[in-house]
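Subject: Structure handover

Hello,

Here is the structure I promised to pass on. Please open it first, then read my notes below.

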Amino acid sequence: MTNETVIKTDKLTKRFGDFIATNEITFEVYAGEIFGFLGANGAGKTTAMKMLCGLSTPSSGNATIAGFDIYKQTEEIKKNIGYMSQKFSLYEDLTVLENIQFFGGIYGLTDKQLKAKSNQLIETLGMQNEAKKLVASLPLGWKQKLAFSVAILHEPKIVFLDEPTGGVDPIVRRQFWDLIYSAADRGITIFVTTHYMDEAEYCNRVSMMVDGVIKALDTPDNLKKQFSASSMDDVFFELARGAKRKAD
Amino acid sequence: MADVELHNIVKTYNKGKVKAVNDVSFSVNEGELFGLIGADGAGKTSIFRILTTLLLPDSGNASVSGFDVIKDYKNIRSSVGYMPGKFSLYQDLSVEENLNFFASVFNTSVKENYDLIKDIYVQIEPFKDRRAGKLSGGMKQKLALCCALIHRPKVLFLDEPTTGVDTVSRKEFWEMLKRLKQQGITILVSTPYMDEATLCERIALIQNGKILSIDTPDEIVKQFPENLFAVKANDMSKLLNDLRKNNEIKTCNAFGEFHHITFQNDNENSHNELIHILQKANHQNIELKHITPSIEDCFIKLMN
Amino acid sequence: MKQFLTFVRKEFYHVFRDKKTLLMLFGLPIVQIVLFGFALTNEIKNSKIVICDYAKDEATQQIINKIEASQNFDIQKTLFSHRQIEEAFKAGNIKLAIIFPANFNNDLSHLHQAQVQIIADASDPNTANTLTNYATAIIMDYQQELMKNNVVPFRIVPEIRMLYNPELKGATNFVPGVMALVLMLVCVMMTSVSIVREKENGTMEVLLVSPFNPFLVIIAKAIPFLLLSIVNLSVILILSVTLLDMPINGSISLLFAESILLIITALSLGLLISNVAQSQQAAMLISLMGMLVPTMLFTGFMFPIENMPVPLQVICNIIPAKWYYTIVKSIMIKGLGFSAIWKETLVLFGMTVFLLVVSFKKFKTRLV
């Protein structure tokens, strides 16, 4: 992990009419870091993530993602990031190979690169027998792992993961994190949100959003010390239960 | 007396190609808070749908409150409360309108059984005119629970009620369930979250349509066959790799702050040996301790 | 009963709170009426023409007066030379030129035969045809008048009389067709989408696991659309009568009764579609494809059934809208009563019952 900053925000804000979803958040993420972006539903996480991915224009404030300006260079941002969420990952009615080829094509990989990456991916995941099967026929855990691998097919600087391990069994969850670790080792920055507090421990640093504001940002160990908590679960509880935004 | 019973239930989809429920049998006692614990695709929703008479099993039989799920389905449908997976209320109706509607569907009124839902409803009452679609996940949950309870059911089926909801709301939800249990309602809950298993009286662990184990959480933990240890060091990623390479370590799984391991030969020698090896590999701040397994540990063990 | 009414009330909430549904429900018929009525009329009004009168006698003057009075023609100029006519065609939007030769009246009186030259801009052959027909009709009309005042028999001229619609108004053809189209489309689509939405939502599951009879669910969903379709129908009729001079010569209550029959048919079709559609989009698509196209092609209001090849004529008979269209024309335009349409009504009724039975049978009270 170097000290190169891949995400830098300065008072980033998003307003919807009178409602301030994300309120002047300021933070940095470093290259190769596994950064946990936590918060209750309605805290402003999704809004913030959308801005960072170049999908939503901020109301005010500044940010650079992978060195590109969040207002003027959203297309460049999109080219340099990967994205995976629980809701969308792959096309169920295409085969594993077809999905890889499709996304590889979108990310601008050449045929040669694509072929090499394709083989590598299938081998790493052990999906040789499944390569020509429809994604819909795969068990959930395999789909998630495949989706993650496809999201980083183009070796982006940063990959955004929106609750990637929701609903999978404990073994698959850990296998997924193995993939995350190896990606981080290769220098890809991981920006992940999750509801599993034990996964918060796997992150280098964690931030907690409450009511649109970042209430805490530090390593898991420091946060536990700060809040005299024995687990990240307790840290979260301490911070979130005072939240005013209960109905939104 | 068993309030809910399943005997050798089998359910397949796609002309038998997908075996969602594979010979499942268990029973739930009256007034029990029972958890069905498993990941997506384990078969939880199929089982619930069979019990609530929405699906017909391929074979096997089941009953709820003494009524057969196939023959007496109308009786079951009038007497149970059901909260299916995703938010299944009317997004464009207000909180109050939803509640009144479901009360009427069950031939009752909100007033009649208000005492049952009061504790829950007061939390969402300030928003009673708001469209249900505009509530947060936690609020939607509470509303859905009220609507499922409004007719004072004897048995309550909650299919993944806490999925997608944050930790705080999840805790609150289980508090509400505990209070409901005191009213004598039999509650079946399904969830993928292992940590919620300990909040149930009895649980069934399910994977790939098969039951791995059914018992109280404590008993299941007692049945863990080996001694479990937790180990940590400064560089957890490297630690994981080193532990996996070590032949003396039988199983190793990441568990947040610690890695959980079991030994091939469980004695003081091998414990010290391990610490020695880790020190030689330049790990700092090594900590090794014996721990009680969690349900997740048991689940992983049973999966293998 | 109170239960049922609560359900119906909920359905009304859904309809009124969904802006898109409302737009479809009310906007569509109005747009259609306006479009069909005004813009797409295949009547041609106010076409610009020129008249070249070499005779300038009493007969030509009378014919010209008639032409002037006609709504179809707008006399641009009364020119004198062929060359001017040529230029007029090239320059302006002249569609037709009528030329009376020098001795028109004389020829007519003494030879009982006269010629008139009609030149039309045939770069649009359809319009040219129609305009020529209009002009010929006016001239024939004049000839008729002449013959009345004469003892000497002239050549027999074919009598062109349009029954029930001497002014050849387009509305009488279109309005019943639009009524059928709108009722079918709106009812089928709205019902099927509404039911599938409950399935997609997950609320259908919750409703099934309740003492509420699932068939009542369907009926409760149908009622708002039944009532709103009647409102729609009324709007269409009012618009047609006021804006398009559409006659309603028969009994209005009979008209509404037959319309309700069609609405129920449409609602059962909607139910049938909801049984097979897996998503709202699928329901909408099937409704559109299944309803719009056949209703437009096979009802008879756009293309006469008599002109179709026999196999297609057979297909027309299974389209409920076709029977409805016949019934409506009989009531509205011919002013006929039930005795004239009982056969068609029976067919429509039979279709309705059949569809209701089939759709209720196929309605699943379980998920799979």
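**What chain C is made of**

Chain C has 14 helices and four strands. The model is predicted, so please read everything here as computed. Of the 368 residues in chain C, 35% are buried. Take the contacts in chain C with a separation of 6 or more: 80% of them join residues 24 or more positions apart.

Chain C splits into two domains. Domain 1 covers 2-40 + 170-362, and domain 2 covers 47-149. The C-alpha centres of these two domains of chain C are 47 Å apart.

The model scores ipTM 0.82 and pTM 0.79. Chain C has a mean pLDDT of 78, and 86% of its residues reach 70 or more. Within chain C, confidence is highest in helix H10 (residues 252-276), at 88. Confidence is lowest in helix H2 (residues 19-39) of chain C, at a mean of 72.

One stretch of chain C needs care. Over residues 153-163 of chain C the pLDDT is below 50. Beyond near neighbours in sequence, that stretch has eight contacts in the model. Where pLDDT is low, the predicted coordinates should not be read in detail.

**Which chains touch**

Two pairs of chains are in contact, and chains A and B share the most contacts. Chain A and chain C do not touch. The nearest C-alpha atoms of chains A and C are 16 Å apart.

Start with chains A and B. Their contact takes 26 residues from chain A and 27 residues from chain B. On the side of chain A that touches chain B, helix H6 (170-185), helix H7 (197-201) and helix H9 (232-240) of chain A each supply at least two residues. H6(A) gives the most to that side, with five residues. By type, the residues on this side of chain A are 14 nonpolar, four polar and eight charged.

Now chains C and B. Here the contact takes 22 residues from chain C and 23 residues from chain B. Helix H1 (2-17) and helix H8 (203-208) of chain C are the elements that give two or more residues to the side of chain C that touches chain B. H1(C) has the largest share of that side, seven residues. The residues on this side of chain C divide into nine nonpolar, seven polar and six charged.

**Where the nonpolar cores are**

In soluble globular proteins, nonpolar side chains tend to be buried together. In this model, the largest nonpolar core has 226 residues. Ile190(A) and Leu183(C) have the most contacts inside that core. Helix H7 (residues 171-201) of chain C gives the most to this core, with 18 residues.

What does Leu183(C) contact, leaving aside its neighbours within four places in sequence? The partners are Ser229(C), Leu233(C), Ser259(C), Leu262(C), Ile263(C) and Ala266(C). There is also a second, separate core of 16 residues. Among its members are Val50(C), Ile51(C), Cys52(C) and Ile63(C).

**A helix with one buried face**

Look next at helix H8 (residues 236-245) of chain B. In H8(B), Leu239(B), Leu240(B) and Leu243(B) are buried. Seen down the helix axis, the buried residues of H8(B) fall within an arc of 100°, so they line one face of the helix. An α-helix has 3.6 residues a turn, so residues three or four places apart point the same way. The buried residues of H8(B) pack against strand E12 (249-255) and strand E13 (258-263) of chain B.

Most residues other than glycine have a negative phi. Two residues to check go the other way.

- Asn208(B) has a positive phi near 55° and is not a glycine. Asn208(B) sits in the loop between strand E9 (202-207) and strand E10 (210-215) of chain B. Asn208(B) counts as partly exposed because it has 17 C-beta neighbours inside 10 Å.
- Lys56(C) is not a glycine either, and its phi is positive, at about 50°. Lys56(C) lies in the loop between strand E1 (47-53) and helix H3 (58-69) of chain C. Is Lys56(C) buried, exposed or partly exposed? With 14 other C-beta atoms within 10 Å, Lys56(C) is partly exposed.

Best wishes

How values were computed. Residues are numbered from 1 along each chain as its sequence is written. Chains are lettered from A and ligands numbered from 1 in the order in which they are written. Two residues are in contact if their C-beta atoms, placed from the backbone, lie within 7 Å. Ala, Val, Leu, Ile, Met, Phe, Trp, Tyr, Cys and Pro count as nonpolar, Asp, Glu, Lys and Arg as charged, and the others, Gly among them, as polar. A nonpolar core is a set of buried Ala, Val, Leu, Ile, Met, Phe, Trp, Tyr and Cys residues joined through C-beta atoms within 7 Å. A residue is buried if 20 or more other C-beta atoms lie within 10 Å of its own, exposed if 12 or fewer, and partly exposed in between; C-beta atoms are placed from the backbone. Domain bounds come from an automatic or database domain assignment. pLDDT is the predictor's confidence in each residue, from 0 to 100. The arc is that of the directions from the helix axis to the C-beta atoms.
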